[in-house]
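Here are some notes for a colleague who is opening this structure for the first time.

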Amino acid sequence: MNGDRDLRRRLRALRAPSEAEAEDRSWNVVRAAYAERTPAGTTRRAHRLTLAVAVGVALIAIGLSPAGAKVADLVRDVVGVGEQNARPQLRALPAAGELLVESPDGPWIVRADGSKRLLGQYGDATWSPHGLFVAAADGRELVAVDPFGNVRWTIAAPARVADPRWSPSGFRIAYRSGDDLRVVAGDGTGDRPLARGVSPVAPAWRPIGDSKLAAAPGAPGSNTLTFVDRVDGAKTVSTIDVDTGAALQTKPADLEQLSTPPTGGGARIAISPDAAKTATLQRLGRRDELLLEREAGGGKRVLFSAAGRLTGPTWSPDGRWLLVGWPDADQWLFIAADRPHRVVAFDRISEQFDPGGSGGGRFPRVAGWVLPER
Amino acid sequence: MPPNAAPARQLLSPMSAQSANSLRISLARARGRARRDGTLVRDAQRGSADALEELFHRHWRRAHRAAFLVVGDASAAEDIAQESFLAAIRALDRFDRRRPFAPWLHRITVNRAIDYARARALRAERAIAPGDETRVVEREAAAPGSDSISEELIAALTELSPDHRAVIVLRYLLDYTPGEIGETLGLPRGTVNSRLRRGLDQLRPAVSEEAR
C-alpha cells in the first residue's frame, strides 16, 4: 500500500532537533552510570579485595591530597587523630533513606546503597514528605515525578517556576511563579495564587511536631507557610494558613526556616525529624561550626568545625546522622549526632554529580533525605 | 617545523559535535556489523565500556526518534531515551542474552514516552493559561535548525492520542508487526490494528501532501 510506504519513508527521514548533541549528552550520563555499576559475577572475595585496595588508596590520598589534608585537619581539630578516611566514591549511606540532590544537570536521587539516578533536566527539586514523589521546576512548569523519573503530572504556571516546597503534610506544594507565590494540591489540582509581588526567597512550611510552633490555627498537621512579602516596597515576613487564608503570627522559629530571611542568616538550620534536636551552621571567622541543640536543654554543643564554608545541614530520617557539604574539600560528611567522632566522608562529590563535566564543577546541594514509604 | 605540520593542524582542528558524533557512529557501525547485539551485551556485562558504547550508538537514535515522535518534545525525548538506557544499564546483569536487545529497549522507551505524553495531556487540561503549553510543543517540533523535520507530518501526529502515536511509531519507524506491538504495549492485536487504521487515516492527508 502506497500510504504505508510513504509514511514509513517519511518517518524514517525525520530527525529530532539537536539529535547529535542530545546523543553526546546522553552518552556521557550512560557512560558514568556504567562506570559506577558493579559487574556481575564479582565475588565476595573480590569485593573485599577491592575494598582493601580502595581503603589503601584512600589512606594514601588522605595523606597526599589537599582534600585529604583537610580531612586530616578535621580529624585533628575535632575528633582526634587517625579516625577518618574520605571514600573516593559515594557508597552506602550511613542511615536508611534516599537523598535528593540538586546538581547542574538536574536532581539526582541517591539510594541507601549509594547508587544514583538523574531524574531529568529540572531545577529546584523538593521531596514529598514520604519520598513518593519529587516536585521540580521546568521553566514555566511545575513537574511531579516519581523516584524513577516518570512524570506523574505537570502544571503550567503563568511565569517561570522557582522554589517549590512540598508541605510536611504532603497535601500542598507552594512555589514561586515570577513575582507570585502559588499553591497547588499534591496531586497537581487546584493551582491558585496565594500572594502577589513576593520577594525571590523560597517559602518555608512550618514543620510538623515542633512544639515551639504548636498553636492553633497553624498547629501541627496544618499547612502553614512563611514567605517574604513586599509591602510598599519593603520586605515583610508573612505567615498564613494556606487552607483558610488566615494570617498568623510569624514566630522566630518560622524565620529560621527561611533560606534568606530579611534579617539575614537562614538556611543554616535543620530541625530533626522528631523535632527534638536542632542543628545549626555558624560562621566563626574563617571557619564554620556545626552546632547541636536539644529541645530538652543543655545548651548548644559543637559537633564539628572546619576551615571554609559548610553547606546544609540535613538530618537523616532516623535523626541520628547529619549530612553537611564541604565545598572547599569537595566532600560530603555524615556526622553521627550522638557520637560526633563518627564521621563518614565521601570525596569528589562535584564530579560524581556532574558525569558529563558540563556543570563547571559546581558543588551539588542536598535538597532532602527521606525514608520512602514504598 | 616539519613540512606536513599545517595539514596536521587542520586535521586536529576542532570538530563540530555533529561531525564528531557522525564519525564515531560510522566507525561504531563499521565495527558493529560483525558484532551482534548479544555479543555486545555479553561484553558489556563483563565490563567492556567499548561494547556498551557500540550498543548505545547503535540504538540510541532510533530510541530517541521514537520517543520524540510520541511526545513531540525534543528535550523530553532525550530524557526518555537516556532513562531507558540507564534502565538497561541497571538491568544489564539480569538481561537474557538469548533475547533481542532492541525490542526490550523499545518497549521501555515507548511506554515511558506514552506515560510522559499522557501526563502532559492531563497538564494541558488543567493549564492556567489554556493553549500556552500545547503551543510550546508545536513550536519546538517546528523549530528552526531541525531542517529535516516535516512540519505537516509532525502536526498531524500531534493530533493523534499518545497511544495512537506509539502504535504508528512502533509499526512504521521501528518495523514491528501488529502482534509484536500488542506484546510491547500490552494490547490485543485487534486493538493494535484498529489504532493503526485510524492513525493512518488521520495521517494520510499529511503524507500525501508531502508526497506531492
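1. Among the contacts in chain A that link residues at least 6 apart in sequence, 46% join residues at least 24 apart. Please keep in mind while reading that this is a predicted model.

2. As for its make-up, chain A holds six helices and 25 strands, and of its 374 residues 44% are buried.

3. Four strands of chain A build an open sheet, which runs in the order β13-β14-β15-β16 with antiparallel pairing. The edges of this sheet are β13 (204-205) and β16 (247-248) of chain A, each of which pairs on one side only.

4. Within chain A, strand β14 (residues 224-231) and strand β15 (residues 234-241) pair in the antiparallel sense, and eight bridges connect them. For a reader who wishes to trace this pairing, L225(A) has I240(A) in β15(A) as its bridge partner.

5. Turning to chain B, the axes of helix α4 (residues 49-71) and helix α5 (residues 74-90) of that chain come within 8 Å and cross at roughly 135 degrees.

6. The crossing in which α4(B) passes α5(B) is right-handed. On the α4(B) side the contact includes F56(B), W60(B) and F68(B), while α5(B) contributes, among others, I80(B), S84(B) and F85(B). By type, the residues of this contact between α4(B) and α5(B) comprise 12 nonpolar, two polar and one charged.

Technical notes: Residues are numbered from 1 along each chain as its sequence is written. Chains are lettered from A and ligands numbered from 1 in the order in which they are written. This is a predicted model: local features need pLDDT of at least 70, side-chain atom pairs count only at pLDDT 80 or more; totals for chains, interfaces and linings use all residues. Axes are lines fitted to C-alpha atoms, for helices over the stretch in contact, and angles run from 0 to 180 degrees between N-to-C directions. Helices (H or I, at least four residues) and strands (E, at least two) are DSSP runs, numbered from the N terminus. A crossing is left-handed if the near helix is turned anticlockwise from the far one by less than a right angle, and right-handed if clockwise. Two residues are in contact if their C-beta atoms, placed from the backbone, lie within 7 Å. Ala, Val, Leu, Ile, Met, Phe, Trp, Tyr, Cys and Pro count as nonpolar, Asp, Glu, Lys and Arg as charged, and the others, Gly among them, as polar. A residue is buried if 20 or more other C-beta atoms lie within 10 Å of its own, exposed if 12 or fewer, and partly exposed in between; C-beta atoms are placed from the backbone. Two strands pair if DSSP finds at least two bridges between them.
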